[in-house]
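Please prepare a short briefing on the structure shown below. Group the points by topic and keep them brisk.

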Amino acid sequence: MSKTMKAVAKKTATAGFEFIEAPIPKPRAGEVLVKVRVSAICGTDVHIYTWDHWAQNRIKPPLIFGHEFCGDVVELGEGVKGVKEGDFVSVETHFTCGVCRFCRTGRGHICQTVEIVGVDRDGCFAEYVTVPYENLWVWDYDVDPEIAAIQDPYGNAVHTALACDLVGANVLITGVGPIGLAAIPIARQAGAKTIICSDVSPYRLELAKQFGADCTIDVRSENLCSEVSKATRGSGIDVLLEMSGNEVAINDAFKCLANGGTASLLGIPSKPITIDLATAIVFKGATVLGINGRKMFETWYQGQALLQGGLDLTPLITHRLPLERIGEGFELMKAGQCGKVIIYPDGSDL
Ligand code: NAD
Ligand code: ZN
């Protein structure tokens with residue numbers, strides 16, 4: 001095996017990225033070395049690429065970034081259990097401390113000192129990456145590697161949607177980026193009655209239709225509340241899956257929420273926002289849930305069960321690029337002209 005690998009790195013604290021030749025990392029005790037088969041671009045990677053406010057405060061260059069991937073275990077560090085060389089794996093990207101009170105009470109998704117691969121330590125836009133064995137999800141059936149590569153955003157959608165009682169519910173998904181799109185078939189399979197999606201991107205609303213949304217609303221030209229009222233015959237929304245992080249979307253969505261409704265919030269506003277708490281939540285007797293990451297590993301078992309039950313994520317994947325062309329992928333993501341952009345480290349599968 002050659003001792004170096006191709007990788008995509010943020011070398012200095014400025015916008016953009018660089019292709020580098022990096023040493024192949026050595027798995028430490030409790031870690032494995034994974035040969036990346038397929039990776040995917042996340043919105044977080046675009047923040048790192050554009051070097052926005054969040055990235056400037058969080059990322060410490062030099063860093064190989066990227067965190068959505070699957071691959072093959074090629075080397076085991078000392079003390080690794082439950083996995084062997086040759087296993088095909090996806091990875092829970094939040095590495096938890098295991099000792100804080102949240103971890104110790106089965107709530108690792110809200111761990112106090114979480115470390116994220118490709119954010120706090122070297123990631124997967126490379127040929128190889130090391131990860132703790134506890135974070136591996138070993139596939140025991142033949143899964144499409146492109147689907148295995150997007151388990152992180154899919155898991156966000158599973159976690160957000162299944163935190164609510166969806167059976168017979170009128171569901172509104174605000175923001176059909178990749179995660180909002182994935183929430184459509186999840187809500188459908190979980191028994192939702194009506195699935196309504198809103199966005200400001202015709203491209204993405206079209207994808208929402210392909211995923212079987214009952215009603216799509218372009219909020220640039222249509223009024224969210226009156227369209228929701230028509231689609232639900234005046235009943236309003238029982239479950240809001242907020243996946244835009246947009247202040248206007250959030251305020252309008254709460255107006256559509258029926259009394260006693262549940263709002264499951266995944267979207268992250270770029271700055272603090274204002275909401276009329278009394279009208280939006282208190283007097284409605286609404287339940288509001290904050291969703292962080294994926295439950296470890298409850299969300300993963302739920303997600304796999306849905307996939308094996310026939311849930312099809314393939315329409316989510318709209319572009320495939322070799323690592324050498326990852327810059328085009330970042331630009332597509334910035335423009336919102338895509339679902340998931342898949343990256344092949346060697347490009348030979350294209
Ligand atoms: P994305 O940016 O691709 O999707 C957001 C969508 O919202 C876009 O399609 C955008 O056009 C749409 N939008 C913008 N303004 C809108 C409006 N007024 N009404 C309706 N839609 C509007 O992001 P994504 O990768 O799908 O992630 C969804 C959200 O979840 C983002 O805010 C992301 O930061 C957040 N996120 C949270 C977690 C978590 O653990 N809480 C994890 C991953 C992502
Ligand atoms: Zn912890």
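How are the donor residues of the zinc ion (ligand 2) spaced in sequence? The spacing is C-x2-C-x2-C-x7-C. This is a predicted model.

**Zinc site**
- The protein donors of the zinc ion (ligand 2) are the SG atoms of Cys97, Cys100, Cys103 and Cys111.
- These SG atoms lie 2.3 to 2.4 Å from the zinc ion.
- The site is tetrahedral, with angles of 104 to 119° among the four donor atoms.
- Ideal angles for four tetrahedral donors are 109.5 degrees.
- Cys100 counts as buried because its relative accessibility is 8%, under the 20% cut-off.
- Cys97 has a relative accessible area of 29%, so it is partly exposed.

**Ligand 1**
- There are 21 residues around ligand 1.
- Coming nearest are Asp199, Arg204, Ile268, Ile291 and Gly293.
- The side chain of Arg204 places an N or O atom 3.0 Å from an oxygen atom of ligand 1.
- A polar backbone atom of Pro178 is 3.3 Å from an oxygen atom of the ligand 1 molecule.
- A nitrogen atom of ligand 1 lies 3.2 Å from an N or O atom in the Asn246 side chain.

**Helix 7**
- Helix 7 spans residues 224–231, and Leu224, Glu227 and Val228 are buried in it.
- These three residues lie on the same side of helix 7, because they cover an arc of only 100° around the axis.
- An α-helix has 3.6 residues a turn, so residues three or four places apart point the same way.
- At the N-terminal end, Asn223 caps helix 7. A side-chain oxygen of Asn223 lies 3.1 Å from the backbone nitrogen of Cys225.

**Loop residue Arg28**
- Arg28 sits in the loop between strand 2 (18–23) and strand 3 (31–40).
- Arg28 is exposed because its relative accessible area is 54%, over the 50% cut-off.
- Beyond its neighbours within four places in sequence, Arg28 is in contact with Gly77, Glu78 and Arg121.
- Arg28 and Leu76 are 48 residues apart along the chain, and their C-alpha atoms are separated by 8.6 Å.

Key:
Residues are numbered from 1 along each chain as its sequence is written. Chains are lettered from A and ligands numbered from 1 in the order in which they are written. This is a predicted model: local features need pLDDT of at least 70, side-chain atom pairs count only at pLDDT 80 or more; totals for chains, interfaces and linings use all residues. Side-chain values use heavy atoms; hydrogens and water are left out. Helices (H or I, at least four residues) and strands (E, at least two) are DSSP runs, numbered from the N terminus. Buried means under 20% relative accessible area, exposed over 50%, partly exposed in between (1.4 Å probe, protein chains only). Contact means heavy atoms within 4.5 Å. Donors are N, O and S atoms within 2.8 Å of the metal (3.2 Å for Na, K and Ca); water is not among the atoms, so sites may look incomplete. Four donors count as tetrahedral if all angles lie between 85 and 135 degrees; four count as square planar and six as octahedral if opposite donors are over 155 degrees apart and all others between 65 and 115; anything else is irregular. The arc is that of the directions from the helix axis to the C-beta atoms. A polar contact is a pair of N or O atoms within 3.5 Å; within protein, one must be able to donate a hydrogen and the other to accept it, and residues adjacent in sequence count only if both atoms are side-chain atoms. A residue is near a molecule or strand if one of its heavy atoms lies within 4 Å of it.
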